[in-house]
Amino acid sequence: MSLRTVFAGLLCLGVIIALGWAVLERPMPEENLPERVAEAMPESGVEHPITAVLLNFRSYDTLLEIAVLLLAVVVALALREAQPDRPEQMGLDNPLLRAVMAWLLPLILVVAGFLLWAGSYQPGGAFQAGAVLAAAGVLLRLAGVTTAWLDNATLMRAGLALGLLTFLGIGLLVMLPGVPFLTYPAEHAGALILLIELTLTLSIGLTLISLFRLTPPYADDPDDARRQETPKP
Amino acid sequence: MPWLDLLLGFTLCVTAGLALIARDMFRAVIMFIVFGLLMAVAWVRLQAPDIALAEAAIGAGLTGVLLLDTLGYLRRPFGSRVDNPDDQT
Amino acid sequence: MIGLWSVPLLFALPLALGILSLLVAPAWRARLIFIGLPLLVAASLDVLAGLATAGPQVYRLGDWIAPLGINLVVDGLAVGMILMTTLVASLSALYARVYLRDHPPASSFFWPLLWFLWAGMNGIWLAEDIFNLYVGLEVMGLAAVGMVALRATPQALAAAMRYLLAALLGSLAYLLGVALLYGAYGTLSMAGLQEAATNNATTQVALALIILGLLLKTALFPLHAWLPPAHGGALTPVSALLSALVIKGSFYILMRLWLVLGPEVTPELTAQLLGVLGAGAVFFGGWMAWRQHHLKQLVAYSTVAQIGYLFLFFPLVTNTSPEAARLAWDGTLMMLVAHALAKAALFLSAGNLILAVGSPQISHLVGISRFRPMSLFSFGLAGVSLMGLPPSGGFTAKWLLLHSAILSGQWWWLIVLFLGGLLSAAYIFKVFRMSFREGPQIDRSVTPPLTLDVVALVLAASAIVIGLFAHLPLHWLRMGSMLGMG
Amino acid sequence: MDWNGLILLGVLATSLVASGVIFLLAESRLVMRTVVNLAAAVLKLLLVGWIIWGVYQAVEYEFRFTIIEGVDFILRADALGIMFVGLSSLLWLFTTIYAIGYLEKAPNRSRFFGFFSLCVASTVGIALAGNLFTFLLFYELLTLSTYPLVVHRGTRESLRAGQVYLYFTLGGGALLLFGVVALHVLIGDTEFVPGGSLAVLDPSLHPMLIIIFLMMVIGLGVKAALFPLHAWLPMAMVAPAPVSALLHAVAVVKAGAFGIARVVYDVYGIEFSQSLGLLGPLAVAASITIIYGSLRALAQDDLKKRLAFSTVSQVSYIVLGISLFGPVGAVGGLMHLLHQGLMKITLFFCAGNYAETLGVHKISELDGAGERMPATSVAFTLGAFGMIGIPPMAGFISKWYLGIGALEAQMNWVLGVLIISSLLNAAYFLPILYRIWFRKRDRLWCEGKVLGRFETQGSLLIPTLATAAFALAAGVLAGMPFSPLYWADLIVSREYLQ
Amino acid sequence: MSGAISGYMVFAWSGVLLFGLGLFGFIAHRHLLRRLLAFNIMGSGAFLVLVGLAQDGRGVDPVPHAMVITGIVVAVASTALALVVFRRWYRASGRTDLPEDT
């Protein structure tokens, strides 16, 4: 047992005790936020309260959250450019997997679409749909399917940007009548949210795929990792 | 008493503990993925199916895949050097 | 509504530019500042004008009332921080445009990161919602980590990793505190919390978690270990941004929450403890700075030390007279702004000196005063403010803090301010001694582009000038402040 | 904003702007730099002359603006302040001329003259400061701007001296800051008003006021080189001669003494200080320094070091005069501020001339210098006579007034101090004069500078003679209007009649 | 406090334990992947506390649900970023932990 472990143990114990105390002594809130959400639902443009919170009441959080996702991609891109990878030789190249993929892929896309559309009245939404899209991308990579459009940096980046740009654009556009940022007019709220979700799904999916693809594929010998000129997009 | 929830909570803690103390890194990641899936069940019990979906897809699925992929990266031969053994603390 | 467009522009514009800079060719990334900077400056000034004419405002995003929706608070404090950010970040951006020309193309990713960082910071300054603050902290924190990693050298990667771990741990602790507060009071809005929060175990534990998380992010001694490698090892404009602005983000949240929860909830013991940690930071950071051989590490440790002064805020506002509290408020904010300007100037001029001699070692600066007087002059002006010597923002801040300490009868903080000033003089003059020494007469000096020197000088000069013209800025900063003063 | 306020800013700006311009000038722009330097010095002198005339006619000059709530930046020309301004700007002109000659072909001149002007700006600011805050501002600025001058040569020794200088002055500055803040807490913005403003405070605060006084006097005593805070001054003599001359004979040490005068007269008030029992200890401290400095001076062989210890001793005459309760002593002390400045700068110029022309730094090497450099030696002799206090030199008048003042204040022992110190002054100056005039030259001088028409370069000789003439005139013409005596009288009459 | 513990509260308590366990792992381990695992477990703990505590005695509350979804996405982004930096660090240094780590 190192000193560090002992310290960690004591800290952990202390935190658990303190938290336990806090949970035990917790006062009941007087504010009833769920009620407020329920009251405001008719104006939100969607029927599913969580989607309403995520994309209407607290859509600003979501906006920043997409920025966090993009940030991870930016760092990955930056580091790849700073330490170029060797030409990629990825995938298992298994014919069976390829065959399965050919069937699986459309199915996954359908599921993603359903999740997205369902989000407005039942569980589901952009994040879940985006994650499913990403799963498809990961499978493609594992199957070694070369997808030209996934390697086309310009297109890829445009796809990454689309969601946040649309979100921002709509948020600013709705201000024209003189209302604050992100105030969707009640009659168009549903459509606008769907549009945002659609683009977000695509962007989130692409973001997650990029995060997976942008990590270095090989553990090179550092002495060998000489700077290679990568063709600029 | 909500026995089912208690059991689930207990299992969650055990899997988390296993993920943290597993000697083998691979096993740790697998335990983590199991933990993520159990979390999804917990979210269902908390009547939060949206989170359950997100947790399964992103928390367990994507994070797990990323971790596994990185693990594979570590296991590939590292030039002429010997791979760092996982240090155990 | 005042600031209808300018308030959201403050974060929407940097976000948009961050994305756009990913889409354009690398060579064009830097040029986006010519669109971004004027607009952001205009938006900041518009917000200031709104504050000056109409007083503090609440901006309702989506036109929802908090706690259902997210509100932004446009009070003096927020506007002050926004203006500070605009000034420092704009100048750092101008510096970076020239500085990064000679760096590998990968460093052009500095630009998207800069914009995201900017958006995150403006988001934090404006936030009124404690969960929104969490997301803002993440935007700012991850962008900052990315910037540290940009160099991609092993040292930079290790520093970035260490920074990332600290930032993640800090934000999780904060998030858990938020979870407890929401569980206890059912609201995320600061205004709601101010009304509802009472003194009980849950609040105290939540407060402790939030404090610990934010201390880790602010790098208060003894949780500072991640800061020197991250700030000292990054690209020069990155160091300036991180030291001048980013660490202030978490401090700002702490300051706001402390005042929101109010004297009923915030324990005096914790306040004193925070002050003691601040004192520890002043001494330890100053001592370590003095011991450094590497110029930028010295400046980074100076940040560790200067953070300590900010934490004197807590003992000086908790259960003290309104007058002492007002002086502490003024002094802390003055210190914050003056440090932002001076530290950015110090890092940038240190970068210029390093460019000139081609070495980061302080011992290689022998005789540099002959070749690069202007870089050294900026370094000196910024140093004056850090030492708290007049006339400078640092001095005015110190004056106010001293005043507050005497008035509240907490004379022990005087010793901190006294010794802290002498320690900072010791490390600043360490650099000067070297630069005045007449060494071997070899002209090794490279002349860096003029822009670099000018930007550093402007920042340093503003650190001085802010001390002389502090009246109006402090007046604005007090507007709508939560100390209940006019 | 009236013009009378702006003119004060103008006086500050002449040297501030000059400093900025000089920093930006390239090292090689010799002519331009000289022009800027001299023009600024002359302009400043003209402005100061204008103000002196105005102050004489009781015109109010004031400039103020608010820095933070409750703290104003105030410049104000009163009789005391303008006296110090007059001295500094007059001597700045001469020293600038001297420095231009002295530093010919030396490296880093841009830096030197930039900081030099900044020093003068700070000194003027100290003199014109209308409250303690403004005073403190310029007092610290003076520390900062003199450091580069002390370490100017960049040798190990000068860097060491610079470090000691910083330790002392920054520590002292911090103490002063505490004192000032504490006063500020007690009574708000402490403007300088004749008669002081603290007498109204509750008697229970008196112990506190005594502690504050102590802190401030220690803080100011560092620059005034009061024993035992004087150690930096002899070390700082490694700086080039003009620096020693202006800064360490005039600006820096006088800033300390001037500050003590301000605190005693215009913050505490002379009568209130007396009633708190602060003046006696101050007089003792000054007396100890006077004797100690003279004794140490005796032991020095290095000419500049001897002058430095002489400064330690002589500056305390000013402090002594301030601490003598009664108008005559005050006149003596304030007058000495001018007298000592004129005399000491002459002596330092002479020391610089010997060093530059003959390469002589030690007193033991000065044998026969009078023959080789008669004009310089005459100036030196005048200065030395003044220091000893031989009538009708300026020093005599100071000491005379101090003596009468001591009797008036019933501190007869001070008379003894004056006599002993005069004897000591004679003991360390007369041997030098003897060597200069009556010993035969016994060695070869390494002739440092090419000869001009005179015994040395004109730019070195003229300022020396000019200041010597001023020093002589101050004594001989003491009865005329606008002489130091006259002006000190004016100050004291305004100070004591409140 | 009611005598019987609700199902929601069970998860809040589990969250407390998970946060503590995760914290232990985060500090005790040196291997960066393990620390990231621990970070994710801590995060899950915090989310459970958030939702469990908010719903205990008051029923389903969509706001914390949305917050947790946001939190999960932020966590995955942070993990991914950390992995990118980690891989580069590993490639450059051959180490799986940070230097000078005590």
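Predicted model: local features only at pLDDT ≥ 70, side-chain atom pairs only at ≥ 80, totals over all residues.
Which residue is the bridge partner of F63(D) in β2(D)?

**Figure 1. The hairpin of β1(D) and β2(D).** In this close-up, F63(D) has L75(D) of β2(D) as its bridge partner. Strand β1 of chain D covers residues 61–68, and strand β2 of chain D covers residues 71–77. The two strands run antiparallel and are joined by seven bridges. Two residues lie between the strands of this hairpin, where G70(D) takes a positive phi near 85°. In a regular strand, side chains alternate between the two faces of the sheet.

**Figure 2. Chain D, with 19 helices and two strands.** The radius of gyration of chain D is 21 Å, close to the 23 Å given by the globule rule for 498 residues, so chain D is as compact as a globular protein of that length. Its C-alpha trace spans about 70 × 50 × 45 Å along the principal axes of the chain. Of the 498 residues in chain D, 63% are buried. Among contacts in chain D with a separation of 6 or more, 80% are between residues 24 or more positions apart.

**Figure 3. Helix α9 of chain A, residues 189–213.** This helix has 25 residues. From its first C-alpha to its last, α9(A) reaches 35 Å, close to the 36 Å expected at 1.5 Å a residue. How many of the 25 residues of α9(A) are buried? The number is 20, so α9(A) is largely enclosed by the rest of the structure.

**Figure 4. The contact between chain A and chain C.** Six pairs of chains are in contact, and chains A and C share the most contacts of these. Here 50 residues of chain A meet 54 residues of chain C. On the side of chain A that touches chain C, at least two residues each come from α1 (3–24), α2 (33–44), α3 (49–57), α4 (59–82) and α8 (153–173) of chain A. Helix α4(A) supplies the largest share of that side, with 16 residues. By class, the side of chain A that touches chain C has 33 nonpolar, seven polar and ten charged residues.

**Figure 5. The contact between chain E and chain C.** Chain E brings 28 residues to this contact, and chain C brings 24 residues. Two or more residues each are given to the side of chain E that touches chain C by α1 (7–28), α2 (32–55) and α3 (62–93) of chain E. Which element gives the most to this side of chain E? It is α3(E), with 14 residues. The side of chain E that touches chain C consists of 21 nonpolar, five polar and two charged residues.

**Figure 6. Chain B, with three helices and zero strands.** Along the sequence, chain B reads α-α-α. Chain B has 89 residues, of which 45% count as buried. For contacts in chain B between residues at least 6 apart in sequence, 46% join residues at least 24 apart.

**Figure 7. Pairs of chains without contact: B with C, and D with E.** Chain B and chain C do not touch, and their nearest C-alpha atoms are 15 Å apart. Chain D and chain E are likewise joined by no contact. The closest C-alpha atoms of chain D and chain E lie 35 Å apart.

Terms used:
Residues numbered from 1 in each chain as written. Chains lettered and ligands numbered in written order. Contact = placed C-beta atoms within 7 Å. Helix = DSSP H or I, 4+ residues; strand = E, 2+ residues; numbered from the N terminus. Nonpolar A, V, L, I, M, F, W, Y, C, P; charged D, E, K, R; others polar. Pairing = 2+ DSSP bridges. Rg over C-alpha atoms; globule rule 2.2 N^0.38 Å. Buried ≥ 20, exposed ≤ 12 C-beta atoms within 10 Å, placed from the backbone. Expected span 1.5 Å × (residues − 1).
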